[in-house]
Amino acid sequence: MWKTLQPVAPVLLTVVLMESALGVMSPLIGFRLASGGASTFVVGAAASAYFLGFLLGTLTCQRMIRRVGHIRAFGVFAVTASNAAILFTVLHEPMFWILLRGCAGYALAGAFVVIESWMTDKAAEENRGRVFAMYTTASWAASGVSPLLLNFDAPGGILLFVLVTIGLSAAMIPLAVTKVGNPDIDEHQHLPLSRLFRASPTGVVCAFGSGMMNAGLYGLMPAFIKDHGYGEKELSLLYSITTVAALVTQYPIGHVSDHYGRRPIIIAIMLVSTAMSLLLYALPGISFTWMVVLFFILTAFESPLYALGVGQTTDYVEKSEFVAASSGLLFAWGLGSCFGPTIAGTVMHGFGPQGLLLFAAGCFLAVALFTTYRALKRRAKTPEEQSDYVAVPLTQGTYGAPELDPRGEYKPHPPSPAPQAGYVE
């Protein structure tokens, strides 16, 4: 275990610091905008700007990383993101906040590309499953606990933004002092969505729908909580508890899907999520305790959708194409995340705060209906023909590292130039 952990320990610490900062920044910005009188459309646009910047960053930041090296590039990205965070305290116009969210998303995308490239380079065939598990555990734990930091100060103050800035800046330290050299990673490739859709329409729709649902729900949850008369304490609890809910059900639902097929489970969890959304919509005056219970059930069932979509797609592509296919699904997820918050904000603007639940119910039901249609069109693979389910957390900042997924074909990386440069492998 120590041999596995040692090369990636600085990166895991960096992941914890960055996810902790993001776990505070995302709900804080939404809550501040809602508290300042911004419309739900503006709150949604700010969340969409983050994911749009993140998506563009994953597509274009490779050039800088190759030109200046991973550590220097990471420093540029982390400083840019921390500068954007502190500028929220001096620029108060909503339009500036939307632009800053996009800028932060772009910079953080570059930072996570560095992190995932580093981890992929240091993982070998025999331990990449363990490295992947360490990475997902660190991401999930940090993003689940960090929203509780919202209770450290009133959202109207600057302390929380300072903490976010410190977290993003401190994330540079573990990589800056490590003796492990820069990894040598080829540019990531992804399968075109058109080819992916021909191979697995259900997988692409699940990935796109998961991005719309999760980004819309979490992006507009601050406005939803504010409009129901609650404050940062309730918001932090709801964020943390729903993140825990996503962790609790990943493996049980994945285990069931391995034995009974992907599509029946996708349909079932989407129908349960639809029912919970409509129940929350029909009960606008329920207590906060019951709201948390229903949101817990809702997120517990909808959160495995992306991982199920990846598994469904994996069953219809060659093992050698898994990484490219997974990267294509991540692109579909990113597109959905760009549209979701803006659409959710528009629905809330027309139907009030409960409109968020109508938006969610519509998305869940659409995925369930499409999956049912596909189940009638093509015979499902037997459980023996399927690949194994792997939990994939989609946290505030990162897509995950497809190259570390044990379902894909392992491709050894070229020898690292680190020893020749005097670094330790």
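Me: How many of the 10 residues of helix α14 (residues 305-314) are buried?
Reply: This is a predicted model, in which local features need pLDDT of at least 70 and side-chain atom pairs count only at pLDDT 80 or more, whereas totals for chains, interfaces and linings use all residues. Residues are numbered from 1 along each chain as its sequence is written, and side-chain values use heavy atoms, with hydrogens and water left out. A helix here is a DSSP run of H or I with at least four residues, numbered from the N terminus, and a residue is buried under 20% relative accessible area, exposed over 50% and partly exposed in between (1.4 Å probe, protein chains only). The buried residues of α14 include L305, Y306 and Q312, and the helix is largely enclosed by the rest of the structure because the buried count is 10 of 10.

Me: What distance separates the end C-alpha atoms of helix α5 (residues 94-122)?
Reply: The expected span of a helix is 1.5 Å times one less than its number of residues, which for the 29 residues of α5 gives 42 Å. The helix is mostly covered, with 23 of its 29 residues buried.

Me: Which class describes the aromatic pair of Y50 and F54?
Reply: Rings of Phe, Tyr and Trp (its six-membered ring) pair if their centres lie within 6.5 Å, and planes under 30 degrees apart count as stacked, over 60 as edge-to-face and the rest as tilted. The structure holds 12 such aromatic pairs. In this one the centres are 5.9 Å apart and the planes stand at 45°, so the pair is tilted.

Me: Which helix holds both Y50 and F54?
Reply: Y50 counts as buried because its relative accessibility is 1%, and F54 likewise because its value is 4%. Being 4 residues apart, about one turn of the helix, both lie in residues 40-60, that is, in helix α2.

Me: What angle lies between the ring planes of F88 and W97?
Reply: F88 is buried at a relative accessible area of 0%, and W97 is buried at 4%. Their rings form an edge-to-face pair, 5.0 Å centre to centre, with the planes at 75°.

Me: Which residue forms a salt bridge with D258?
Reply: A salt bridge requires a side-chain nitrogen of Lys or Arg within 4 Å of a carboxyl oxygen of Asp or Glu, and a search of the whole structure finds 1. With the closest N and O atoms 2.9 Å apart, the partner is R262.

How values were computed
Helices (H or I, at least four residues) and strands (E, at least two) are DSSP runs, numbered from the N terminus.
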